[in-house]
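Colleague: I am new to reading protein structures, and I would like to learn how to look at one feature after another. Could you take me through this one slowly?

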Amino acid sequence: MTNTDYQSDTIKDVTPEPVDARRIVVLVSGSGSNLQALIDAQSHDRLGGGEIVAVISNVVDAYALKRARDAGIDAVALPHREYDTREAYDSALVKVIERHEPDLIILAGFMRILTPRFVQRFLGRMLNIHPSLLPEYQGLNTHARALGDSVTSHGCSVHFVTEELDGGPVVLQAELQVTPEDTVETLQEKVHAREHLIYPIAVQWFLEGRLQFTDQGAKMDGHLLPPHGMRLSHADAAEELDEALDEESES
């Protein structure tokens, strides 16, 4: 993990101080693969003592809700189509979330643009993961856009949620090298693997009190992070994921 301004502990060398259990609410819209990564991390005590207490989806038949029920987690469907405006939906969503008294709200494939009022309600305790190396490729279709630009580096980013779409302070990124053979599908698979790796880490840091949102940006252990946050290199991510490095990247 590299950083020009701040040297972080490695992923495996952190020895956190024990904390009381913190409550997590996860917002989802689809299959919930990142949710599953968080559930798996929790089962191995790798969420900083956090507990996922509820999963809420705006899509009634989202597979993520089944993942939650299978894990014994409260699964709530709150379909957005039943509300006339985005503001009305977000108001209802706030009430459902606050019923669970969360310390942290995690967006895991929640395909809704949140209203400013909602964001301000939970500012500083809401994380999202985005399939690009922010600030590059905010918004949708990140893999196709990256391929269209013939980039050689791509990846994913965990960031705090602010009113700017995909524009909140970046906490942690994981990089991958784009090869001439890559397609949208292969990039999606590689990025998903990295999302599942770094999202639980960022959540753990937040719940341990090491990661904080401030007016200046994201801070780690009291140190202001640079705009790209901390970054896991392609080689380091591949090693963590037991991926084979191609010969060119090893040379």
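Modeller: Let us begin with a definition: a residue is called buried if its relative accessible area is under 20%, exposed if that area is over 50%, and partly exposed in between. Please keep in mind that we are looking at a predicted model.

Colleague: With that cut-off in hand, is Thr142 buried or exposed?

Modeller: Thr142 has a relative accessibility of 3%, and because buried means under 20%, Thr142 counts as buried. Its place is in helix H5, which covers residues 142-148. Leaving aside residues up to four places away in sequence, Thr142 touches His130, Pro131, Ser132, Tyr137 and His154.

Colleague: What share of the whole protein is buried?

Modeller: Of the 251 residues in the protein, 47% are buried. The protein has eight helices and eleven strands, and among its contacts with a separation of 6 or more, 67% are between residues 24 or more positions apart.

Colleague: Let us turn to the strands. How do strands of a sheet pair?

Modeller: The general idea is that strands of a sheet pair through backbone hydrogen bonds, and that they do so either parallel or antiparallel. In this protein, eight strands form an open sheet with mixed pairing, and their order is S3-S2-S1-S4-S5-S6-S7-S11. Strand S3 (74-77) and S11 stand at the edges with a single partner strand each, so one side of each has no neighbour in the sheet. On average, and ignoring direction, neighbouring strands of this sheet are turned by 20 degrees against each other.

Colleague: Which pairs of strands show the parallel and the antiparallel sense?

Modeller: Strand S2 (residues 50-57) pairs with S3 in the parallel sense over four bridges, and Ser57 stands opposite Ala77 in S3. S6 and S7, in contrast, run antiparallel and are joined by seven bridges, with His154 opposite Leu176 in S7.

Colleague: How many residues of S7 are buried?

Modeller: Seven of the eight residues of S7 are buried, and the strand is therefore described as mostly covered.

Colleague: Which strands does H6 lie across?

Modeller: H6 lies across S1, S2, S4, strand S5 (126-130), strand S6 (153-160), strand S7 (170-177) and S11, and it runs at about 155 degrees to S7.

Colleague: How should I describe two helices that pack against each other?

Modeller: Two packed helices are described by the angle between their axes and by the distance between those axes. Helix H1 (residues 33-43) and helix H6 (residues 184-207) pack at an angle of about 55 degrees, with their axes 9 Å apart. That angle makes H1 oblique to H6, and the crossing of the two helices is right-handed. On the H1 side the contact is made by Ser33, Asn34, Ala37, Leu38 and Ala41, and on the H6 side by Glu195, His196, Tyr199, Pro200 and Val203. The residues of this contact divide into six nonpolar, three polar and one charged.

Colleague: At what angle do H1 and helix H2 pack?

Modeller: H1 and helix H2 (residues 63-70) pack at about 15 degrees, with their axes 9 Å apart. Because angles under 35 degrees count as roughly parallel, H1 and H2 are described in that way. The crossing of H1 and H2 is right-handed. Here Ser33, Leu35, Gln36 and Ile39 in H1 meet Ala64, Arg67 and Ala68 in H2, and the residues of the contact divide into four nonpolar, two polar and one charged.

Note on methods
Residues numbered from 1 in each chain as written. Predicted model: local features only at pLDDT ≥ 70, side-chain atom pairs only at ≥ 80, totals over all residues. Heavy atoms only, no water. Axes fitted to C-alpha atoms, helices over the stretch in contact; angles between N-to-C directions. Parallel < 35°, antiparallel > 145°, perpendicular 65-115°, else oblique. Left-handed = near helix turned anticlockwise from the far one by under 90°. Contact = heavy atoms within 4.5 Å. Nonpolar A, V, L, I, M, F, W, Y, C, P; charged D, E, K, R; others polar. Pairing = 2+ DSSP bridges. Buried < 20%, exposed > 50% of the residue type's maximum accessible area, 1.4 Å probe, protein only.
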